[in-house]
Amino acid sequence: MTPRECQLIFGVHYSCLYASIKLSGRLSRGVSITEFPEDLLYTESHEWVRDEGDRVTIGLTDYAQNQMKDIVYVDFPDIGSVFKQGETIGVVESVKTVADIFSPITGKVAETNLILKDYPQFINEDPYGKGWIVKIEVQNREELNGLLSFKAYLGSLSKDL
Amino acid sequence: MEDFIRYIPHTEEDARRMLEAIGVEKIEDLFAIIPKELRLSKPLSLPKPFSEPDLIRHLEGLQSPVLSNFLGGGAYHHFIPAVISALVSRSEFYTTYTPYQPEISQGTLQAIFEFQTLMCQLTGMEVSNASMYDGASSLAEALLMAHRIIGRKKVLLSQAVHPEYRKVIQTYIDPDQQEIVLIPYQKGEGRTDERVLFDLLDGDVSAVVIQSPNFFGVIEDLHGIIDRIHQQGGLMIVGFSEAIAYGILKPPGELGADIVAGEGQSLGIPLSYGGPYLGIFATRNSFVRNMPGRLVGETIDLEGKRGFVLTLATREQHIRRERATSNICTNEGLCALMATIFLSCFGREGLRELAVMNLSKAEYAKRAVSQIKGCRPIFSSPTFNEFVLEIDGDPDKVLKGLRKEKILGGLPLARFYPELNHHLLITVTEMTTKEEIDRWAEALEKASR
Amino acid sequence: MERIKDSGLIQDEPLIFEQGGSGRKGYSLPQWDVEELDVENLIPCHLLRRELEGFPQISEIDVVRHFTRLSQWNYGVDSGPYLLGSCTMKYNPKVNEEIARMRGFATIHPYYPQDLSQGILKLMHQLELFLAEITGMDRVCLQPAAGAHGELTGMMMIKACLLKRGERRRKVLVPDTAHGTNCSTSSITSYQMVEIKSNERGVISPEKVAEQMDEEVAAIMVTNPNTLGLFEEDLGKIAQIVHRRGGFVYCDGANLNALMGIVKLGDLGVDVVHLNLHKTFSTPHGGGGPGAGPLAVREELGPYLPIPVIEKEGETYRLNEDRPYSIGKMRAFHGNFGVLLKAYAYILSMGPEGLKRASEMAVLNANYLMKQLKDHYDLPYDRLCMHECVFTDRFQEKHHISTLDIAKRLIDYGFHPPTIYFPLVVKGALMIEPTETESKEGLDRFIETMIEIAKEAKENPDLLRQAPQKVKVRRLDEVLAARKPKLRWTQQR
């Protein structure tokens, strides 16, 4: 999702998200802690990427799910469909917002986490685990070099605030 | 003091105190941001204000005379039970806005939920929205939705679909995105020509659109058609303009229709020279996120009590903006309420009896007119409450003759179908008495000599 | 302020399907004066339905009680102040309702011969002239059923006009303060939307427009006053910039209540404007329609108007469909006549002085509210507004109170909340439009309440977070409604 989409969310309390970024990869928010695992890669549009060699798993970061609030629906791509880096690969909806999920790399969709059809809340509850969204086959490993490390992602977040 | 101030309560004293509180001297100062040269220096050129009694007198003089008529073609003269106007005149229903604050709109929301349910039951579909503007735009939106889902270029549209609905579809569809191909009607039967339809049906077609009963009042037989369309991966869109027919006809949902889009004016909504009417839109559950229009859903509140809210709003313009399923915002809420009350009154037995009465009266008229030399019903397929009459003489002359007897005898079809230039569409409802039909047949006979 | 304690007239009421039963009858049909035919003899069995499953069977009195009770759970303009921004919830005159029910209007079929509908056609034609005069435009189309429908019509006409010129422009400029319908309309008409950001004064600047304006832009869609309640002060200059490159200025006329008799949109350079009769012109909102969204255009766009067009020849009025460049039809028949009637009656009741007074008092009311509340609620644009003003929840945030909480607490005090979270450019927006039909006493009561709520936000924020309490249902689980949509009642077997 885009930073603009984040801004467009109803009832967001930016003042709660003051940027005291700690190197442990957490953003303290006064109320609860936002997590960003260090071993993942990130995009500026708030997707996380787990490099699994010939494929990657992607999902939405804790920051994104927090902005969207309760996720109600996920629109998945078809298995086997091919997407270019940056293309919209899916859509995630909460009650009052809709946000695109952008493909972090060019590749073919290998698997989709269909359990989210019945339990979209996994994205909120466990964004890096049960809440994974799509697995994509890597076509060009060099593209992964352009993605953000957790430090760079945190840096980009503090700019948004 | 002018009478209009009963709608604008401010006294001079009120205005003065408010201006003082704001910190400006006169009302004109509030508009200082508008360049002086653009501000109007003289009053608008409009009639001087009418008092309430004068207004009523003036409007009374603009009314049309109410004549016995056999007019239909998408708008029908049906009985409207007194309870409907009594209930929709309650200001808690008609002076409210869209139910965005559900806690104080449960009346509207529950009524819409009931409406959605009734529309599903009537059409045999799984989900219905809270209404569209009218049957024509509803059908146009159905095509747009089919295109969103299937993505193919062609749409096959029956020529027996209401000609004005077809014009609206043509206006809505972007020729760069979709191509409309007309399927002719079968000349003897009056139904959509299946042969031609199957000839044209291929993998390039996103949807086939047929209206039943169609513009000629003929009941279409969709049995053989829907499976073939699905085999080709297309969608079946069924339209209708006479909702009462579904009191006895098999609902399109049971036949496998994918989208049903039609007109609900027959369900307790006044003719009112063409509007406001009621667009009905229903489809399968699997397509719900592609549906236009508002949706009301059931849920619970903090204390576990059942309640209703607008839901799946992420399809709509105020959230999805440029990627919305439609730009519709205000729809036909109060008309949907009228239909809900109408169907609640008539219910299971009543709607059926109403439909049978329409059918029986139309048949009586058909038989009466079959005795007359010089005119005959032309289509062989079964009809509901409308049928096409062929006249040997000049139809305009015949209608003039009927006018002399203060009867509007039917709708000439030449303006819609040039090949039907000797034909009238005759509509008979439960409101047409036997005596009226007899008089009409008699006058028709006289005028046809 | 002493509040009278409200009593418990709010009764629960099941769904209509959960009541009644076989043997109950709520309808009355004409006597059978023809033979009741056997349906199966006329229509093949496979075309007939078995029964109307699930339909209610209920007595008339239960129908009346059911809907009467439902109505009591609603809040309308007749219940109290309804200060929804951008909606112009003004009083709906009752005489207009009576007029719409007159037999010579309500029972007239749209295909009535034109010689028998002269009064009706005259009314519509006159209404067109009135609306043209008020907006300063040349021609009007009464067909669109709502504002969004009018927008669609207008954009289609612009597209047709450009095509006739041989131009295939692809873009439309839309300010960031625009209503969602502006965006979805652009996209339905296959235009690419280009957003123009408003400046720090909350309006669009000519420079920004000039940056984006080129021969690929078909039109700019503006709202004036805009959704922040501010007059687009540079509209004239912007119109020039757009016109110079052959584009059109589309105006969303939803906020016309601020300008009647004060300024004409046509004089500001607007080419096409839609009106919302169910806003500015007092026709009732109906809980979501029906409305009417007539379109007013300059002569240049006249040929593209939808058919039929109402024409006057001598003293006769007729419907003309012979218009070769028309975009076609936006709906069957002629428009929402039952709504047009009411707007016509309203304009005749108000006259030129009345309409001007309405706009003046609407703007007076909004500024009065703004002045009285600005010390208690954050006001992002601190200057004279038009007919509505926008606050935010910034002052209340430190108590962890949001716009939503403020809105819900207003319900407990017997008010319909203002518009919340729109426009999107203001975070936590609270948009208040009092309209001219609100008296000073009504406004003072509202102001007192808002001040009280601001105090509660500081001292007792839970009251807001738990609001509303004095209602039939408390805050509803919208997440559940979206995750597991239940969109109809189903028979339990």
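## Exercises on strands, helices and an interface

In strand 4 of chain B, I183(B) is the bridge partner of S158(B). This is a predicted model, in which local features need pLDDT of at least 70, side-chain atom pairs count only at pLDDT 80 or more, and totals for chains, interfaces and linings use all residues. Residues are numbered from 1 along each chain as its sequence is written, while chains are lettered from A and ligands numbered from 1 in the order in which they are written.

**Exercise 1.** Determine in which sense strand 3 and strand 4 of chain B pair.

*Solution.* Strands are DSSP runs (E, at least two residues), numbered from the N terminus, and two of them pair if DSSP finds at least two bridges between them. Strand 3 of chain B pairs with strand 4 (residues 179-183) of chain B in the parallel sense, over 5 bridges.

**Exercise 2.** State how many residues of strand 3 of chain B are buried.

*Solution.* A residue is buried if 20 or more other C-beta atoms, placed from the backbone, lie within 10 Å of its own. By this rule 4 of the 5 residues of strand 3 (residues 154-158) of chain B are buried, and the strand is mostly covered.

**Exercise 3.** Find how many residues of chain B are in contact with chain C, and which helix of chain B gives the most.

*Solution.* Residues are in contact if their C-beta atoms, placed from the backbone, lie within 7 Å. On that basis 165 residues of chain B are in contact with 167 residues of chain C. Helix 12 (residues 333-370) of chain B gives the most to the side of chain B that touches chain C, with 24 residues; helices are DSSP runs of H or I with at least four residues.

Technical notes. A residue is buried if 20 or more other C-beta atoms lie within 10 Å of its own, exposed if 12 or fewer, and partly exposed in between; C-beta atoms are placed from the backbone. Two residues are in contact if their C-beta atoms, placed from the backbone, lie within 7 Å.
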